[in-house]
Amino acid sequence: MVVCLLLSILLVLVGHAFRLLRWEQFVRIYERPQRGTMLRGMAGGYAINTVLPLHLGDVFRAVFVGRRMKSGIGFALATVIMDRFLDVWFVAVGFGAFALLGQGGDSARAAARYYLLLAVLLAVALLVVVLLRDGIKRICLAVCGIFNDTLKLDGMVFCWSMINTFKDLRRIHLVRLALNTLLMWAAYLGSYTALAAALTAAGQPMTLVEVFGALFGQSAGDLRAVLPGGVLYGAPLAACAAMLSWYLVPLAVMWLVTLLPDRVRGAVNQATAAAPAGESYLNLLPQADPQDRAVFLSQYFGLQNKAWVDRFLQMNQNITILQDFSAGSNATTMLCMDKTRTFYRKYAFGADGKKLAEQLHWLRAQQDKLPLCEILRTGEDADCCWYDMTYEPQAVGMFRYLHSNPVEKSAAVLHQVLDTLEEKLYLPTAAAADPQKIEQYIAAKVDGNLQKLREARSLHELMEYPTAWINGKEYKNLNQLGWLFNHARLQALFADDPVATIHGDLTIENIICRTDDTGWYLIDPNTGNLHESPFLDYGKLLQSLHGGYEFMMMTPRVTVQGNHIDFALTRSAAYDGLFTDLMAELGKRYPDQLDSILMHEVIHWLRLMPYKLSKDRKRAPMFYAGLVMVANYAALHAQR
């Protein structure tokens, strides 16, 4: 009896080892399995299953392991469900085989019918989920939306984990999965056979089918097997002791294994590793920030822009997104990390991807002339463009640099930027202004955007007033400044503009300063401006320092009542100081053309409005106020 009992315990431990290896395969797609933690979770789960019904120990296993995993409890629960999902099929086959062989009588046939029905129901449920996946996703979002934000996110992550655990079976080595499953069940069946022999020797005659039925049948038991109503109730004490030993000794061994010295456990892990130590893993979700995860999952389950979601995952599953730095464009910029470094990734799809590709080509063309961001990797096809930029902890946007250093230091950097652009970019590529390009520029950037403003329902009433009160100060509304946008006036004004290759989006935030004062570089150029004049770059600087664009981007709310627009307009002394310095510098360089530069600033605000009306409609009146204020300033300057 003792030999058979020891053999049964040894074989069940072997079966558990192969179960651990099989469970690992689902985890290994997304992260390195923590075998010690997983083994403790299995031991704890089996311990709970021996005293409680409904496989509640599997919930413990998922929670215990998930709390220690990068991918979380929802993912751990999904992998445990997958583990049990596969078991149902094998148990159904097992009872079916016993029934076909005429073993086990009515109880085996009843269990076979039960598990076969359960397996069919699971298959049908899986088919329904596949066929009706869009509707199921909406239901998941609706159910999760009942709860608070934290529980909603947890629910969506679990549903996402379930979907990906099944979907990513194609990433698993299926031959190894089948081999682990076969060896696991061969060990378990051997253990059940040896246990039956041990119980028989202890005075309780049992066969393999009876042990199998006791463990998995409709009246399957655990420690309750020795209690009234259990299969061993009234059995000899030796048989009850053997059964209890079979349940409890493997649990103790599994737990003790996790307490072995690190050196021993490490050697075991390396000896039985299912993949090399240098393997790479996908991210279950690329976003590290919970809010970013919630937004993405809401888009996914809400079926918003499915093509974008698919491309986003395809592009970013091998990285971790630390923070989204996207601002006022349709391209997305994120701070990311992979196994080797931290970097910025910028990407866009469709027409925006083609625009980003033009930016990438500009950076490559000018990389030997100007201080520019270092490009690490790129990707470009018909539907998408992306590139990665070096992340330097000591490199910050000029907005931050300006507000953490004396204005004089920022002014010196800005002068260097202007001098470098003049010497390395503007002068070598200088050309005469093209009247046709000026005409196209005015038609597209001025006339076209003014027409879009007039057609905007959300601004229609506001634009009808002759004046606009902005934060308590009265300004002429755009309908009173028609002369400022007169086509002939602008043609004459821009006719003497210098023309050259330009940066095109020279905002304060696109000038990156190193805090160790070792230099600066530029990011995010903008091509396709039609009238490519350096004055557009100066107008962008004014949009920042004069119009306060960056502060507006940080202002969350605006209220509109009639022709009164109110919002928390913020300006800093540093901005005022650098604006004064910039105007003085531009006055020295172009004393007779400041009106043109100021008008290009106005046009930049005009070009911004359609984007704000479509992407940021609630705050659009605030940016309209910015347009009105700079237009009034340009009008006053032109009338002097």
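## Close-up views

**View 1. Arg-171 counts as partly exposed, at 42% relative accessibility.** Buried means under 20% relative accessible area, exposed means over 50%, and partly exposed lies in between (1.4 Å probe, protein chains only). The structure is a predicted model, in which local features need pLDDT of at least 70 and side-chain atom pairs count only at pLDDT 80 or more, while totals for chains, interfaces and linings use all residues. Residues are numbered from 1 along each chain as its sequence is written, and side-chain values use heavy atoms, with hydrogens and water left out. Arg-171 forms a salt bridge with Asp-168, and their closest N and O atoms are 3.1 Å apart. A salt bridge is a side-chain nitrogen of Lys or Arg within 4 Å of a carboxyl oxygen of Asp or Glu. Asp-168 is buried, because its relative accessibility is 2%.

**View 2. Asp-83 and Arg-22 form a salt bridge, with the closest N and O atoms 2.6 Å apart.** The two residues belong to distant parts of the chain: Asp-83 is in helix H4 (residues 72-100) and Arg-22 is in helix H1 (residues 2-27), 61 residues apart. Helices (H or I, at least four residues) and strands (E, at least two) are DSSP runs, numbered from the N terminus. Asp-83 has a relative accessible area of 0% and is therefore buried. Arg-22 also counts as buried, with 0% relative accessibility. The structure holds 27 salt bridges.

**View 3. Asp-381 and Arg-311 meet through their side chains in a salt bridge (3.1 Å, N to O).** Asp-381 counts as partly exposed, because its relative accessibility is 43%.

**View 4. Val-51, Leu-52, Leu-54, Leu-56, Val-59, Val-63 and Ile-73 make a nonpolar surface patch of about 590 Å².** Patches are made of residues with over 30% relative accessible area and no salt bridge; like charges are joined within 9 Å, and nonpolar side chains (Val, Leu, Ile, Met, Phe, Trp, Tyr) within 5 Å. Accessible areas come from the Shrake-Rupley method with a 1.4 Å probe, and for residues only the protein chains shown count as cover. Helix H3 (residues 56-66) gives the largest share of the patch, three residues. Leu-52 is found in the loop between helix H2 (35-51) and H3. Its relative accessibility is 38%, so Leu-52 counts as partly exposed.

**View 5. Arg-293 is located in helix H12 (residues 290-301).** With a relative accessible area of 21%, Arg-293 is partly exposed. Arg-293 touches Leu-153, Leu-285 and Gln-287, leaving aside residues up to four places away in sequence. Contact means heavy atoms within 4.5 Å. Between Arg-293 and Met-156 the C-alpha to C-alpha distance is 9.5 Å, and the two residues are 137 residues apart in sequence.

**View 6. An open sheet of four strands has the order E8-E7-E12-E11, with mixed pairing.** Strand E8 (473-476) and strand E11 (558-561) are at the edges with a single partner strand each, so one side of each has no neighbour in the sheet. Two strands pair if DSSP finds at least two bridges between them. Strand E7 (residues 467-470) and strand E12 (residues 564-567) run parallel and are joined by two bridges. Ile-470 has Ile-565 in E12 as its bridge partner. Helix H24 (residues 620-638) packs on this sheet and touches E7, E8, E11 and E12, and its direction makes about 105° with that of E12. Axes are lines fitted to C-alpha atoms, for helices over the stretch in contact, and angles run from 0 to 180 degrees between N-to-C directions.

**View 7. Three strands form an open sheet in the order E6-E9-E10, with antiparallel pairing.** Strand E6 (395-397) and strand E10 (520-522) are the edge strands, and each pairs on one side only. From one strand to the next, the twist averages 30°. Strand E9 (residues 511-514) pairs with E10 in the antiparallel sense over three bridges. The bridge partner of Cys-513 in E10 is Trp-520. Helix H16 (residues 407-426) packs on the sheet, where H16 touches E9 and E10, and the direction of H16 makes about 55° with that of E10.
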